[in-house]
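Please read it alongside the sequence and coordinates shown here.

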Amino acid sequence: MIHFVLLISQQGKVRLAKWYSPYSQKERSKVIRELGGTILSRGPKLCKFVEWRGYKVVYRRYAGLYFCMCINHEDNELETLDIIHHFVVILDRYFGNVCELDLIFNFHKAYYILDEILIAGELQESNKKTIERLIDAQDLLVETAKEEANLISKLIAQATN
Amino acid sequence: MSSQGGFGQSKEFLDLIKSIGEARSKAEEDRIVLREIDTLKARLSSPNITKFKLKEYLMRLIYVEMLGHDASFGYIHAVKMTHDESLLLKRTGYLAVTLFLNEDHDLIILIVNTIQKDLRSDNYLVVCAALNAVCRLINEETIPAVLPQVVELLGHQKEAVRKKAVMALHRFYQRAPGSVSHLISNFRKRLCDNDPGVMAATLCPLFDLITIDVNSFKDLVVSFVNILKQVAERRLPKSYDYHQMPAPFIQIKLLKILSLLGNGDKKSSEQMYTILGDIMRKCDSASNIGNAVLYECICCVCSIHPNPKLLESAADTISKFLKGDSHNLKYLGIDALGLLIRISPEIAEQHQLAVIDCLEDPDDTLKRKTFDLLYKMTKSSNVEVIVDRMIDYMISINDHHYKTEIASRCVELAEQFAPSNQWFIQTMNKVFEHAGDLVNTKVAHNLMRLIAEGFGEDDNTADSQLRSSAVESYLRIIGEPKLPSTFLQVICWVLGEYGTADGKYSASYITGKLCDAAEAHSTDDTVKAYAVTALMKIYSFEIAAGRKVDMLPECQSLVEELLASHSTDLQQRAYELQAIICLDAHAVENIMPMDANCEDIEIDKNLSFLDAYVQESLEKGAQPYIPEDERSGLSNISNFRSQDHESSIHALRFEAYELPKFPVPPKAPSILSSSVELVPVPEPSYVADVHQPATSALTVSNSGSSELKLRLDGVQKKWGRPAFSSTTPSTSSGDTFESNNGTTRHESISSTKSKVHDVSYDSRKLQPEISTEKQKLAASLFGGASKSDRKQSYTGQKVSKTNSHGADKSNLAKVASSSDNAAVIPTSQPPPDLLDLGEPSVTSSAPSVDPFKQLEGLLDPTQDTTKLSSGGVGVPNAPDIMSLYADMSLSGQSTTVANPPPNAIKTHLAKQPSKGPNVQEFLEKDALVRQVGVTPSGQNPNLFKDLLG
């Protein structure tokens with residue numbers, strides 16, 4: 001099971017944090033501090049796994065961004081590496097050549113996408129197309145909702161004028 | 001780029017993100033965020049904000065919290081937003097609550113209703129959003145509220161909903177297994193879902209269920225094998241492919257399940273062999289995901305009933321992993337090797353070089369994994385090298401979590417495989433010196449027990465050798481500064497028990513060292529307590545051996561200091577020490593028998609050893625003891641009487657009831673008057689403690705229920721007849737209480753305590769008689785030789801201690817002052833039922849300390865320390881370790897003679913000691929080979945290029 005997903009920039013800033021196991025706000029900051037310190041200081045040739053408090057943290061670096069996932073001791077590390085990659089590929093397709101700035105300004109979108117890939121700490125869908133279809137459907141719905149809202153507010157504005 | 005961020009976000013928000021991005025220091029960032037929090041607080045509390053503004057503020061709250069600041073002031077707005085009709089806002093609300101709230105948050109109860117409504121929505125996207133929230137937020141209490149709806153959604157027409165419903169049930173199962181146990185058939189049904197995604201999701205809960213109960217899923221083996229076959233043969237839609245592998249994530253999940261199902265089951269395993277072989281053959285070992293599947297296959301092959309062919313290809317794959325360039329693969333290779341050597345230990349031989357490489361690697365993760373492997377491979381032949389390596393590494397790291405783990409592993413291995421006493425003691429010293437405060441106290445107690453019990457029951461010389469070498473090394477170490485407290489406790493204990501045992505060191509030398517240690521750690525009460533007790537032991541051994549004891553001046557001052565200590569425990573130990581030193585050799589020998597810490601001490605809970613005394617007292621006309629329940633029943637006399645007439649079977653009770661007619665025995669009324677108001681007050685409470693644990697509080701008004709109590713309480717009548725003798729129970733209970741007290745407060749109390757116990761047993765028998773025959777007491781307790789006035793004072797101390805403990809507990813400080821009287825007068829005390837009536841507040845406050853509970857507490861820790869006072873309980877555990885140890889000691893002993901430490905690892909790895917000279921040479925050779933360039937330098941150098949892309 002995945003206990004949390006963290007996106008940490010090279011400067012140690014959190015770009016996304018999703019917790020599947022209960023951690024208090026205090027513990028969260030502590031975890032981020034601890035892991036940020038260990039992972040950012042690791043050399044490129046070393047394994048992409050860190051043993052930490054009886055768990056394993058698997059990380060993968062894309063440009064200046066580290067994607068980390070904390071898993072149980074008996075989980076498969078290589079598989080987790082590919083779950084990270086799976087997530088990145090979908091982000092890439094959604095944003096089109098995803099870069100760190102996309103995630104900084106649209107972190108909520110990244111959360112929505114993550115919610116379709118992982119649920120309750122497990123991989124829920126490995127089919128890229130299914131995920132894309134779902135996210136598109138959501139976006140479409142949101143767009144219509146927005147248009148409707150605009151229309152209504154326009155109507156109200158007209159009516160009151 | 002930022003233009004993409006324009007989805008309804010204001011310039012304000014974008015500016016915030018930008019300014020934080022440009023912040024140069026953490027402090028600056030914090031300042032910006034705090035300012036933002038203030039703004040948000042103000043905005044959110046304003047009455048008229050539009051919903052779309054509110055949505056943006058929520059996003060900003062999420063952002064603030066992501067940066068590690070507290071945004072709890074806005075949680076309620078997120079909760080409110082989930083109630084909104086518009087999906088746009090609802091989604092934001094759900095996103096915010098899933099990020100903000102943990103499942104135990106108070107606000108969750110406010111969301112449940114919304115979730116229920118949304119689960120019924122026509123729009124499947126709304127249902128999906130609600131299910132996401134369900135997975136994150138629904139806790140054990142709220143599961144029943146949504147469970148029926150989630151189960152219904154298993155049949156939803158949209159596969160996305162079905163999938164999430166399955167995962168939600170999986171989550172419920174993790175939270176509260178009982179809540180979904182009746183739904184297992186639903187999971188089985190979903191396994192045949194048309195949509196591969198739903199089927200894959202179903203594997204998650206099934207995996208958990210199978211982990212817990214393999215046998216009820218054996219029928220599914222065929223189905224799982226078939227699914228795996230179909231997946232491997234690319235029958236799933238092409239869109240499930242990943243890096244040219246057919247649905248690898250599903251394959252991995254299935255392999256995990258199969259390894260559970262095939263574990264120790266030949267029949268099931270045979271069904272899997274073909275498909276496992278196929279997958280391993282077909283797997284693309286050039287891609288990351290291919291290796292992930294291969295690794296999972298190895299795990300599966302090692303778990304199911306062994307098949308030589310599969311094991312062979314597993315071994316091949318492992319060697320590929322180990323020879324690869326990637327650290328990731330090496331890590332997995334080491335891990336898989338650890339699995340495989342359990343089935344075929346000989347495989348380790350061919351990978352020794354690779355293993356040593358990994359051990360030397362600068363990568364910490366890889367190193368730790370290798371230590372894991374070595375830990376699994378440890379035998380008596382290689383234990384020295386492995387443990388030495390582990391200790392070196394342990395010293396070099398700062399990570400407390402891992403330090404603790406590796407320290408306890410070292411201890412475990414050393415205990416199991418120690419080749420010699422010397423080595424064992426030295427290893428333990430190193431571990432305790434560097435990680436003493438991290439290891440569990442149990443480990444320390446284990447060490448004490450090992451030193452006390454030795455290797456085996458027959459081999460006394462080996463035992464004393466072990467002890468001598470322990471004493472010797474501890475004397476060397478004890479002076480070092482900054483020793484961990486736990487280690488010092490062990491040192492003090494061992495020095496106290498065995499410091500003078502072999503006659504090598506004089507008592508004054510060892511006591512001097514102990515005093516120094518106690519002084520150097522003056523803030524650590526536990527260490528001081530251990531040191532004082534050790535002093536006491538050494539002095540009493542000296543006295544028992546007939547030597548004259550000269551207390552060193554520093555010891556004297558230490559004891560004096562402790563006599564006035566704030567810790568009652570230290571005080572008591574100091575007083576005990578003082579008292580014991582004044583006794584003669586014979587008495588001391590009985591109190592502190594040499595090397596008796598392994599003797600079992602039986603606790604006679606029935607106090608049957610008092611029978612004779614009680615009988616005697618009764619014959620002399622003392623009042624029989626009345627169990628407390630009956631005494632409380634006396635509160636309403638008339639009621640009780642009529643009771644008795646109705647059921648005359650309770651003849652004994654009737655007798656007891658006659659008591660109040662003679663509240664003051666005519667025997668010694670004059671003495672009574674002076675003591676009665678002070679002394680007896682706490683004593684009945686002790687009586688209550690010891691003999692009536694079940695009665696938590698006895699209240700005077702309780703008379704109505706008293707008859708019930710009398711019938712139901714199966715309290716054993718302690719002395720045949722329900723006799724009351726105020727003195728006997730009071731002293732005995734006082735003593736028991738005292739020793740309980742000491743033990744519960746210091747789990748690790750040493751055997752002295754139990755010896756003190758012995759003393760008190762002796763004195764208990766006799767103390768009551770002081771009142772009538774002081775001389776008799778003096779003679780039997782201390783022997784005829786010593787002067788009677790000293791005896792008297794000792795007894796007084798003893799009692800005062802007893803009472804001061806009582807005073808602690810019941811807040812009756814004044815009692816102590818009259819303690820001397822307590823010993824002298826008690827026979828003439830009035831029966832306690834009167835006291836119960838007279839002082840209800842005292843009686844009811846005292847039972848809150850339940851001595852039987854304490855007794856239980858006392859029995860437990862004995863396992864940790866040594867035999868202590870319990871006898872029965874501590875024993876069964878001991879033989880395990882001893883027998884283990886006995887086994888090892890044989891093989892261990894032989895190696896001691898040869899003593900070839902550097903060879904050991906090689907010996908094991910190569911199976912033939914003659915093959916290689918030693919590890920160093922081996923490594924040198926390896927280095928040379930590398931220089932020459934013969935070593936395989938990565939078959940897939942480009943393997944993980946995409947990792948960094």
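## Fold of chain A

Followed along its sequence, chain A runs through its elements in the order β-β-α-β-β-β-α-α-α-β-β-α, and this description, like everything that follows, refers to a predicted model. The elements of chain A amount to 5 helices and 7 strands.

Chain A comprises 161 residues, of which 62% count as buried. If one takes the contacts in chain A between residues at least 6 apart in sequence, 47% of them join residues at least 24 apart.

## Helices 20 and 21 of chain B

In chain B, helix 20 (residues 383-396) packs with helix 21 (residues 400-417) at an angle of about 160°, and the axes of the two are 10 Å apart. Because angles over 145 degrees are classed in this way, helix 20 of chain B and helix 21 of chain B are roughly antiparallel to each other. The crossing that helix 20 of chain B makes with helix 21 of chain B is left-handed.

On the side of helix 20 of chain B, the contact is made by B:V383, B:I386, B:V387, B:M390, B:I391, B:Y393, B:M394 and B:I395, while helix 21 of chain B contributes B:Y402, B:K403, B:I406, B:A407, B:C410, B:L413 and B:F417. Sorted by class, the residues in this contact of helix 20 with helix 21 of chain B are 14 nonpolar, no polar and 1 charged.

## Helices 13 and 14 of chain B

A second pair in chain B consists of helix 13 (residues 248-261) and helix 14 (residues 266-282), which pack at an angle of about 150° with their axes 10 Å apart. That angle makes helix 13 of chain B and helix 14 of chain B roughly antiparallel to each other, and helix 13 of chain B passes helix 14 of chain B in a left-handed crossing.

Helix 13 of chain B brings B:Q251, B:L255, B:L258 and B:L261 to the contact, and helix 14 of chain B brings B:S268, B:M272, B:L276 and B:I279. The contact of helix 13 with helix 14 of chain B holds 6 nonpolar and 2 polar residues, with no charged ones.

## Salt bridges

Over all chains, a search of the whole structure finds 42 salt bridges. One of them pairs B:E12 with B:R43, whose closest N and O atoms are 2.8 Å apart. Since B:E12 lies in helix 1 (residues 11-22) of chain B and B:R43 in helix 2 (residues 26-45) of chain B, the pair ties together parts that are 31 residues apart in sequence. B:E12 counts as partly exposed at 31% relative accessibility, and B:R43 likewise counts as partly exposed, at 27%.

A salt bridge also forms between B:K218 and B:D265, with the closest N and O atoms 2.9 Å apart. Here B:K218 lies in the loop between helix 11 (196-212) and helix 12 (221-232) of chain B, and B:D265 in the loop between helix 13 and helix 14 of chain B, so that this pair ties together parts 47 residues apart in sequence. With a relative accessibility of 16%, B:D265 counts as buried.

## A further pair and a network

B:D241 forms a salt bridge with B:K238, the closest N and O atoms lying 3.1 Å apart. B:D241 counts as buried at 16% relative accessibility, whereas B:K238 is exposed, with a relative accessible area of 66%. Elsewhere, salt bridges with shared partners link B:E12, B:E36, B:R43, B:K53, B:E56 and B:R60 into one network.

Methods. Residues are numbered from 1 along each chain as its sequence is written. Chains are lettered from A and ligands numbered from 1 in the order in which they are written. This is a predicted model: local features need pLDDT of at least 70, side-chain atom pairs count only at pLDDT 80 or more; totals for chains, interfaces and linings use all residues. Side-chain values use heavy atoms; hydrogens and water are left out. Axes are lines fitted to C-alpha atoms, for helices over the stretch in contact, and angles run from 0 to 180 degrees between N-to-C directions. Helices (H or I, at least four residues) and strands (E, at least two) are DSSP runs, numbered from the N terminus. Angles under 35 degrees count as roughly parallel, over 145 as roughly antiparallel, 65 to 115 as roughly perpendicular and the rest as oblique. A crossing is left-handed if the near helix is turned anticlockwise from the far one by less than a right angle, and right-handed if clockwise. Contact means heavy atoms within 4.5 Å. Ala, Val, Leu, Ile, Met, Phe, Trp, Tyr, Cys and Pro count as nonpolar, Asp, Glu, Lys and Arg as charged, and the others, Gly among them, as polar. A salt bridge is a side-chain nitrogen of Lys or Arg within 4 Å of a carboxyl oxygen of Asp or Glu. Buried means under 20% relative accessible area, exposed over 50%, partly exposed in between (1.4 Å probe, protein chains only).
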